[in-house]
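Please look over the structure below before reading on.

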Amino acid sequence: MTAVDELLEVALRAAAAGAAVLAARDPAGFGATEKSSDADWVTAFDVAAERAVRAVIADARPHDVITGEELAPALPAEPSGYRWSIDPLDGTMNFIRNVAYYGTSVAVMGADGGWLAGVVNAPALRRTYFASRGEGAWLDEVRADGVQGVRRLRGPLEARGGTLLSTALTSDPVVRRRLVSELNGRMDKFGDFRRLGSAALELCAVAEGGVDAYLEYGLFEHDFAAAALIAEEAGAWVHRAELSPAINGLPSREEVLSVWTGACVPGLEGNFAPVD
């Protein structure tokens, strides 16, 4: 087993631990509190899931740095050079309202700053997306007929009719108004659009071929770290938001709203991607 294989194995176990917390979804235990807006919530499940993910990583790799959405960075005295990025519950509003598109994302970065392995575990969908650098992207799922299997993801390899753009408008009213004004122009090149309510699962939808392109402003690193690698390893064109180092804590909301993350069938980026 290579070093990257070992990292992926830890990521799979860690994401499964977080997803297991989410799978026990009980509205009586939400304890939801508002974060930046009434469309941006944190629940007791977010925190419990992140603690479960961190426990797996810390047990297996005690010298790795860990950063995440809900808890402060874990900085070991003798860091290994590896850093983990955790989103314990991507799609919190979906989770609160019992819409199935939510999950736990776990990714790990090497000393060179490149993402090495990533996992998105969506318990209500019974799907686990995963990838490691240079080894492709994969989906472990239980199909609607109850059959479980693992298959490689290659995304749509070329543009096709009825193309779908997945996008979001954010909870910030100023940015939302701008994006609404831009949406009509973007839709000139697409047949329709979708919004799943989970950045990670929208990136995975590009990897799987469910949508042809995805664009969103306002993402933090933990929102896209795992799923962007999955999309990339499936052959998609990917643009990651460039943000302040996560090891210093979460960047400001103003910073994340100024940058965008996107993915698409190679060659489609000119149809929707903003010009930086």
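**Notes on the model**

1. An open sheet is formed by 7 strands in the order β3-β4-β5-β6-β7-β8-β9, with mixed pairing. β3 (65-68) and β9 (148-153) are the edge strands, each pairing on one side only. Averaged over the sheet, neighbouring strands are turned by 15° against each other, direction ignored. Strands here are DSSP runs of E of at least two residues, helices runs of H or I of at least four, numbered from the N terminus; two strands pair if DSSP finds at least two bridges between them.

2. This is a predicted model: local features need pLDDT of at least 70, side-chain atom pairs count only at pLDDT 80 or more, and totals for chains, interfaces and linings use all residues. Residues are numbered from 1 along each chain as its sequence is written, and side-chain values use heavy atoms, with hydrogens and water left out.

3. Strands β7 (residues 127-132) and β8 (residues 137-142) run antiparallel and are joined by 5 bridges. Y129 has L139 in β8 as its bridge partner.

4. Helix α1 (residues 3-23) packs on the sheet and touches β4 (83-90), β5 (103-109), β6 (115-122) and β7. Contact means heavy atoms within 4.5 Å. The direction of α1 makes about 25° with that of β6; axes are lines fitted to C-alpha atoms, for helices over the stretch in contact, and angles run from 0 to 180 degrees between N-to-C directions.

5. W237 lies in strand β13 (residues 237-239). Its contacts beyond four places in sequence include W260, P266 and F272.
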